[in-house]
Every structure is written in C-alpha cells, then in structure tokens.
Amino acid sequence: MNFHTRKWVKPEDLNPNGSLFGGRLLEWIDEEAALYTIVQLENRKIVTKFMSEINFINAPVQGDIIEIGIEAVAFGKTSMTMRCEVRNKLTREEILSIDRIVMVNLGPDGKSAPHGKTKVEYVRDRLEG
C-alpha cells in the first residue's frame with residue numbers, strides 16, 4: 001500500500017470529544033481516492049459510487065500527523081476498486097480501514113463510460129513510452 005497523503009490534525013478538525021471528526025477523515029479519504037482514480041484512469045470526470053464498512057480503530061487527536069494509503073485492488077469496465085488504510089505517521093498506529101471504495105469513470109455526457117484500464121500504471125511509465 002502506498003501512503004501518498006499526510007494530514008495534520010488541527011483544532012478545526014476535532015469533534016466535541018477532542019479527537020478527529022470522522023466526517024473530516026472521510027472527506028480526506030474521498031478526496032485521496034478521487035485523485036488516485038483520476039491519475040490512474042487519466043480522466044478528471046469520476047465519481048464515488050460505494051464505500052464498504054468503515055472501521056474506525058483509533059482516534060487521532062490534535063497535533064497528530066496521519067497518512068492515507070490507497071491501493072487499487074480491481075478494475076471493472078467503468079470502475080476501479082480500491083482499499084484504504086489510515087495510520088499515524090509517527091507511531092504507525094492504525095486509525096481506520098476501508099476494504100472497498102468503488103470509483104466510476106464518466107464520459108462527456110456524465111454517464112458511466114469504459115476506461116480501458118486493467119492494471120495500475122505509473123505516470124513515469126506512460127511518459128517513457
């Protein structure tokens with residue numbers, strides 16, 4: 001799993017219990033999944049279709065640095081499925097896991113469209129061709 005994004009838990013990210021608000025973390029995960037999908041499918045028009053059960057394991061607090069990991073696990077005709085882990089950057093303590101996030105590729109008409117991808121590609125490999 002690749003951990004590309006780091007976030008610093010700030011006062012505005014906290015819930016009344018003094019820990020990271022779950023909705024804020026899900027916002028960050030959805031954005032990371034969208035960016036990952038855009039790069040992989042080479043299309044800026046994508047949407048989140050599905051997130052499986054979200055398992056909150058530990059609660060980060062103000063000042064913690066967290067990192068979000070995304071890994072592609074399957075390519076459908078019009079979709080890409082990923083899994084996600086979030087952990088504390090310094091302690092490596094697991095914070096959250098999501099087994100499946102499904103993102104859908106859209107065509108110019110805003111409807112699902114085939115993307116033609118079957119595996120993870122890296123930008124450097126596309127540029128060397």
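The following questions and answers go through a predicted model, its fold and its strand β5.

This is a predicted model, in which local features need pLDDT of at least 70 and side-chain atom pairs count only at pLDDT 80 or more, while totals for chains, interfaces and linings use all residues. Residues are numbered from 1 along each chain as its sequence is written, and side-chain values use heavy atoms, with hydrogens and water left out.

Colleague: In what order do the elements of the chain run from the N terminus on?

Modeller: Helices (H or I, at least four residues) and strands (E, at least two) are DSSP runs, numbered from the N terminus. The chain has two helices and six strands. Their order is β-α-β-β-β-β-β-α.

Colleague: How many residues of strand β5 are buried?

Modeller: Buried means under 20% relative accessible area (1.4 Å probe, protein chains only). Across the 129 residues of the chain, buried residues make up 37%. Strand β5, residues 79–88, is mostly covered, and of its 10 residues the buried ones number seven.

Colleague: Which residue in β5 stands opposite Phe 75?

Modeller: Two strands pair if DSSP finds at least two bridges between them. Strand β4 (residues 65–75) runs antiparallel to β5, with nine bridges, and a hairpin through three residues joins β4 to β5. Opposite Phe 75 is Met 80.

Colleague: Which residue takes a positive phi in the hairpin of β5 and β6?

Modeller: Strand β6 (residues 94–105) is antiparallel to β5 and joined to it by eight bridges. Arg 87 has Glu 94 of β6 as its bridge partner. Five residues lie between the strands in this hairpin, and the one with a positive phi near 65° is Arg 92.

How values were computed:
Buried means under 20% relative accessible area, exposed over 50%, partly exposed in between (1.4 Å probe, protein chains only).
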